[in-house]
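Me: I'd like to learn how to read helices and sheets off a model. Can you walk me through it?

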Amino acid sequence: MVSYALRRVLGAAPTLLIIITLAFFMMRLAPGGPFDSQRHLPAEIERNVAAAYNLDKPIYEQYAIYLDRLMHGDLGPSYKSKDFTVGQLIAEGLPVSAKLGLAAIAIALLLGIALGVTAALHQNMAADHGIMSVAMFGITIPNFVTAPLLTLLFGVYGLKLFGTDVSLPVAGWNGGQLRNMILPVMVLALPQIAIIARLVRGSMVEVLHSNYVRTARAKGLSSYRIVTRHALRAALLPLVSYLGPAIAQLATGSLIVEQIFQLPGIGRYFVLAALNRDYTLVLGVVIFYAAFIIFLNLLADILYAVLDPRVSYRT
Amino acid sequence: MSGKILEISNLDVHFTTPDCDVHAVKDLHLEVREAECLGVVGESGSGKSQAFLAAIGLLSGNGRASGSVKYRGQEILGQSQRALNRFRGSKITMIFQDPLTSLTPHMTIGAQLVETLCVHLRLPRDEAAKRALEVLELVRIPEGRRRMSQFPHELSGGMRQRVMIAMGVVCGPDLLIADEPTTALDVTVQAEILEIMRDLKDELKTSIVLVSHDMGVIAGMADRVAVMRGGEIVETGPVDEIYYAPKHGYTRMLLEAVPRLDLGDQSAQSKVKELPPDAQPILKVDDLRVHFPVAEGWRTKDLRAVDGVSFYLREGEALGIVGESGCGKSSLARALLKLLPKTDGAVLWLGRDLGRLDGEELRKLRRDFQIVFQDPLASLDPRMTVGESIAEPLRSLKPHLSREEIRRCVRDMMDQVGLEPAWINRYPHEFSGGQNQRVGVARAMIVEPKLVICDEAVSALDASIQRQMVDLIRELQSEFDMSLIFISHDLSVVRQIAHRVMVLYLGRIVELADRDVIYGDPRHPYTKALLSAVPIPDPKLERAKKRVRLTGELPSPLDSRAPLVFLKSKAIDDPEAVQYRPKLIEVAPGHLVAEHDAVT
């Protein structure tokens with residue numbers, strides 16, 4: 001297994017290089033540059049600024065310089081947020097985004113699997129139809145609708161339990177207090193719960209019709225035991241392939257949720273950096289995201305083999 | 001209690017499908033007595049499996065059962081799952097047809113066995129493991145301790161079915177229901193499994209219900225037989241009565257449909273047209289090899305699916321190729337037609353080496369050879385009408401024909417294979433398996449090929465349909481004067497159609513001779529074992545039969561010693577070594593036998 005993981009990591013290097021190269025040159029293809037939007041500077045100063053960031057050199061040379069720095073673990077300075085390197089920006093924002101994302105996916109897994117299995121066990125009955133229509137709702141309603149609604153409900157109108165006001169804060173990070181996390185995590189988790197419930201229901205229904213579940217029933221096992229010991233593992237396989245990209249997406253933050261709740265995550269850098277032509281920041285975030293996805297897919301593949309002994313590490 | 005274990009009365013089973021309501025079992029009456037084996041025989045769709053699934057509450061969601069099923073006098077039909085589970089899995093157990101899909105893939109053999117014991121007998125784990133090991137021994141699984149930690153996919157089909165049986169008997173049941181337990185297995189493996197079940201019945205005094213479509217399997221096992229058709233029982237009686245004095249016409253039809261290996265001269269067999277003595281070889285195969293690379297650790301090894309096969313085929317001749325799963329018979333067929341790349345060797349068609357032809361020349365030659373595959377429904381395009389499917393080879397191989405001519409040809413062909421020409425616009429899913437296979441045959445024959453390969457073409461069909469198909473293929477063959485390569489695992493079917501028979505084992509020919517020689521005077525131990533393993537639908541003969549046994553498991557084809565299974569004296573005891581290859585020796589004119597050690 002270790003050798004398999006090693007081979008996969010080595011195999012990812014060329015992929016990563018291609019992504020870096022594509023991102024580097026595509027960014028340059030976009031019209032404008034990082035300092036265009038600033039008020040007019042004297043040509044001399046502008047030249048100095050360009051020289052400081054190596055922007056006056058031919059593009060292939062810039063590319064080589066960038067790769068060289070990258071090999072030394074340096075993602076370069078941010079062009080826009082002066083005094084910050086890209087590495088610092090990511091290191092500051094990531095914990096916020098990751099905490100929210102991972103909490104959301106954990107909740108989504110728990111609830112989604114439970115709901116999906118319940119629906120599958122009651123296939124085509126009231127419970128099934130109920131869960132699935134609510135899930136459909138969860139998928140179709142975008143988070144910029146659920147976020148304000150939940151804010152109104154739990155933040156603005158507030159809740160009173162036993163006479164004490166337990167209203168949730170409507171925005172801000174506040175050092176990562178639990179109270180501040182509840183609303184954004186809920187907004188992030190809701191669509192995931194729905195997607196996971198639907199996925200699990202589909203695969204579970206199939207597994208429940210399989211021959212080996214029939215064997216398990218013929219063995220006189222209880223429904224609980226059949227689900228937990230014989231059916232669930234196989235039913236979770238499709239979920240594993242979905243989770244890789246899903247975790248990557250959630251843990252690297254969402255622009256919308258971070259804007260609405262005023263959170264200092266890294267999700268907003270994606271959009272803002274690209275709009276500002278902050279070359280190094282865009283590249284830094286892209287590289288980080290790509291490496292993260294590759295890592296998660298590797299994890300998913302290993303998990304796959306753990307869940308299903310028929311899968312070998314050979315491929 | 002007059003010794004009745006199970007009493008089924010007035011049992012009806014309905015299935016609700018989107019199209020209609022299917023009445024699968026109609027007013028069934030049946031009883032299973034203490035320590036007897038009840039054979040339930042019928043063709044596909046006769047409701048024989050559903051009746052017993054319904055009896056122990058295992059119908060799928062859209063099925064409904066009504067009537068009465070009594071286990072030792074106690075009503076069990078319609079009971080809650082909790083009530084059923086008090087004896088289901090311990091006192092009444094069931095084993096199924098396909099042992100691979102019927103075992104949970106992510107649980108070890110041991111875990112699945114121990115689980116049953118823990119749930120029903122509330123044994124502690126270590127005691128349950130000990131008991132499981134004993135049962136594995138009972139079903140003759142060697143190295144039980146190692147097997148316990150293996151997963152189902154790591155075992156062969158025969159081993160898996162033994163595990164299923166072990167799971168069935170581990171709690172000491174009163175009644176074991178076996179639903180087509182050997183249908184998915186090779187004949188030699190089938191013989192072993194049946195033997196194990198027979199011994200279990202004698203040793204444990206367990207009653208067995210054996211559900212099967214195979215009259216031969218039932219003959220050797222059952223004490224009483226129930227014959228089912230269309231959800232109803234047409235006849236019940238002691239086994240000898242059913243086989244030697246059947247009262248119902250359907251029972252007689254079933255018995256007559258089964259090809260008999262033990263009877264030499266059946267009228268059907270004499271229908272094989274004699275070859276003219278001067279028939280010329282049209283196909284020559286020289287040392288054909290098909291290897292597949294298989295990853296093993298860091299290296300790749302060659303799996304020798306076809307390992308040096310040479311033979312010829314004369315004009316108008318029918319060659320039967322027989323062998324068990326994994327012997328390379330399908331790879332051989334596909335390599336002959338270049339549907340699969342060969343690794344080495346030559347295929348000469350009328351003296352021309354097919355390997356040297358370019359794409360266009362080969363395409364033109366395709367008219368001369370056609371193939372009929374095993375699964376008739378899966379081999380036809382579901383979105384094309386059968387008329388279009390039959391016409392397609394004409395369109396591409398005889399492009400000069402007009403639409404009208406093509407249509408006429410298709411109608412004629414359909415008529416010839418016994419399909420109503422008016423059905424030309426129907427789709428494959430509207431037909432039965434036998435009718436679809438007729439379409440497959442029509443599609444192959446319509447270009448009037450010189451060679452047709454039937455790859456297990458009748459294996460998926462019921463015996464009565466199988467017989468009709470074999471008759472049809474034989475008639476068409478002699479009418480069009482084609483050569484035929486008929487591939488099958490079923491020795492008795494091959495006997496009805498072939499002039500010569502080739503026996504394959506692990507990609508190599510072990511014996512090749514005229515039909516009557518192979519069946520009358522087999523020389524190679526593998527051929528003998530294969531022949532003696534075929535169940536004969538005659539209870540007295542089948543019970544008295546002496547079987548030639550093969551010892552041990554089928555070796556891995558990756559092991560270099562594999563070709564020397566029957567020539568152990570020349571094997572070097574090293575799985576990597578370059579080994580001696582057994583030669584084919586001509587023991588009599590036209591009778592080739594691979595070298596083998598003398599059998600004591």
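Me: What should the 28 residues of helix 1 of chain A span at 1.5 Å a residue?
Reply: Keep in mind that this is a predicted model. Helix 1 of chain A covers residues 2-29, so its 28 residues should span 40 Å. The end C-alpha atoms lie 41 Å apart, which agrees.

Me: Where does the kink in helix 1 of chain A lie?
Reply: Look at A:Ala13, where helix 1 bends by about 25°.

Me: At what angle do helix 4 and helix 7 of chain A pack?
Reply: Compare the two axes. Helix 4 (residues 86-121) and helix 7 (residues 178-208) of chain A pack at about 35°, with axes 6 Å apart. Their crossing is right-handed. The contact residues comprise 26 nonpolar, 4 polar and 2 charged.

Me: Now the sheet: in what order do the 8 strands of chain B run?
Reply: The order is 16-17-18-13-19-20-22-21 in an open sheet with mixed pairing. Strand 16 (369-372) and strand 21 (584-588) of chain B each have a single partner strand, so one side of each lacks a neighbour in the sheet. On average, neighbouring strands are turned by 20° against each other, direction ignored.

Me: Which residue is the bridge partner of B:Val503?
Reply: That's B:Glu511 in strand 20 of chain B. Strand 19 (residues 500-505) and strand 20 (residues 508-514) of chain B pair antiparallel over 6 bridges.

Definitions and conventions: Residues numbered from 1 in each chain as written. Chains lettered and ligands numbered in written order. Predicted model: local features only at pLDDT ≥ 70, side-chain atom pairs only at ≥ 80, totals over all residues. Helix = DSSP H or I, 4+ residues; strand = E, 2+ residues; numbered from the N terminus. Expected span 1.5 Å × (residues − 1). Bend = angle between axes of the 7 residues up to and from the residue. Axes fitted to C-alpha atoms, helices over the stretch in contact; angles between N-to-C directions. Left-handed = near helix turned anticlockwise from the far one by under 90°. Nonpolar A, V, L, I, M, F, W, Y, C, P; charged D, E, K, R; others polar. Pairing = 2+ DSSP bridges.
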